Amino acid sequence: MSTFLSIGSGPGMGLATAERFAREGFQVVLSARNEGKVRDLAEQLKAKGHKVEVRTVDAGDPASVAKLIEGVERDFGGIDVLHFNAASMRNQTLADQPRDSFNTDLAVNIGGAAVAAQAAAPKMLQLGSGSVLFTGGGFGLQPHPQYLSLSIGKAGIRALAQGIFEPFKEKGVHVATVTVAGFVTTAADANAVAEHFWQLHSQPKGSWEVEAMYTPKG
């Protein structure tokens with residue numbers, strides 16, 4: 001059975017994307033810092049008959065991310081799809097944001113994504129298969145002064161995806177991001193984003209794309 005690992009699993013896009021892959025027969029592993037909330041999400045999927053496991057991870061801690069990847073690979077024989085969905089959604093301007101929070105936010109918003117890709121890469125590249133998926137955002141294209149650290153992080157997600165797309169592609173691993181141009185507040189939008197992730201993963205190798213764009217309908 002193929003394994004789908006979600007890092008930064010939440011009740012919106014994270015859960016919807018996990019369920020989309022679960023419907024295709026994937027073993028799903030949900031992970032986030034708050035184990036209780038993740039278990040609640042897992043129960044929703046289990047109630048629909050899906051195979052789901054729960055792990056804890058601090059997306060801003062490189063050692064925690066690497067340990068998660070190692071553990072999932074050991075327990076399930078590998079990771080076929082990695083979805084990095086974690087983000088620090090800080091609503092503050094440059095003037096308002098505490099100085100000691102910038103690095104913390106960026107550690108989650110982009111550092112965790114880079115570490116996750118780095119940790120999962122060796123086995124995926126060795127096998128010559130798999131997908132690394134990132135939840136991007138429109139603030140990476142048009143930064144918002146009220147969400148500055150998130151904007152910087154989403155710009156980093158886009159750069160990361162584009163920067164590793166070709167070398168991973170050459171070895172059979174698909175890297176892609178869905179750039180979500182707005183806040184996802186409805187189940188319909190979350191499901192639409194999930195479908196974009198599924199379509200990217202399902203693309204034939206000769207037609208791989210690095211980015212899909214989605215604007216929430218609200």
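User: Take a helix axis as the line fitted to C-alpha atoms over the stretch in contact. In this predicted model, how do α1 and α6 cross: parallel, antiparallel, perpendicular or oblique?
Analyst: Helix α1 spans residues 13-22, and helix α6 spans residues 187-202. Their axes come within 8 Å and cross at roughly 45 degrees. Angles under 35 degrees count as roughly parallel, and 65 to 115 as roughly perpendicular. The α1 axis is therefore, relative to α6, oblique.

User: Is the crossing of α1 and α6 left-handed or right-handed?
Analyst: On the α1 side, the contact uses Met-13, Ala-16, Thr-17, Arg-20 and Phe-21. On α6, the residues include Ala-190, Val-193, Phe-197 and Trp-198. The sense in which α1 passes α6 is right-handed.

User: How many nonpolar residues are in the contact of α1 with α6?
Analyst: Three residues of this contact are polar. Two are charged. The nonpolar residues number eight.

User: Which element gives the largest share of the largest nonpolar core?
Analyst: This core holds 33 residues, and Leu-5, Ile-7, Leu-82, Phe-84, Val-132 and Phe-134 touch the most other members. Elements giving two or more residues include β1 (3-7), β4 (81-84) and β5 (131-137). The largest share is eight residues, and it comes from α4.

User: How many residues are in the second, separate core?
Analyst: Phe-21, Ala-22, Phe-26 and Leu-45 are among its members. Phe-21 also takes part in the contact of α1 with α6. The size of this second core, in residues, is 27.

User: What is the relative accessible area of Val-180?
Analyst: Val-180 lies in strand β6, residues 174-180. Outside four places in sequence, Val-180 touches Met-13, Gly-136, Gly-137, Gly-138, Val-193, Tyr-214 and Pro-216. Met-13 and Val-193 also belong to the contact of α1 with α6. Val-180 is buried, with a relative accessible area of 5%.

Key. Residues are numbered from 1 along each chain as its sequence is written. This is a predicted model: local features need pLDDT of at least 70, side-chain atom pairs count only at pLDDT 80 or more; totals for chains, interfaces and linings use all residues. Side-chain values use heavy atoms; hydrogens and water are left out. Axes are lines fitted to C-alpha atoms, for helices over the stretch in contact, and angles run from 0 to 180 degrees between N-to-C directions. Helices (H or I, at least four residues) and strands (E, at least two) are DSSP runs, numbered from the N terminus. Angles under 35 degrees count as roughly parallel, over 145 as roughly antiparallel, 65 to 115 as roughly perpendicular and the rest as oblique. A crossing is left-handed if the near helix is turned anticlockwise from the far one by less than a right angle, and right-handed if clockwise. Contact means heavy atoms within 4.5 Å. Ala, Val, Leu, Ile, Met, Phe, Trp, Tyr, Cys and Pro count as nonpolar, Asp, Glu, Lys and Arg as charged, and the others, Gly among them, as polar. A nonpolar core is a set of buried Ala, Val, Leu, Ile, Met, Phe, Trp, Tyr and Cys residues joined through side-chain atoms within 4.5 Å. Buried means under 20% relative accessible area, exposed over 50%, partly exposed in between (1.4 Å probe, protein chains only).
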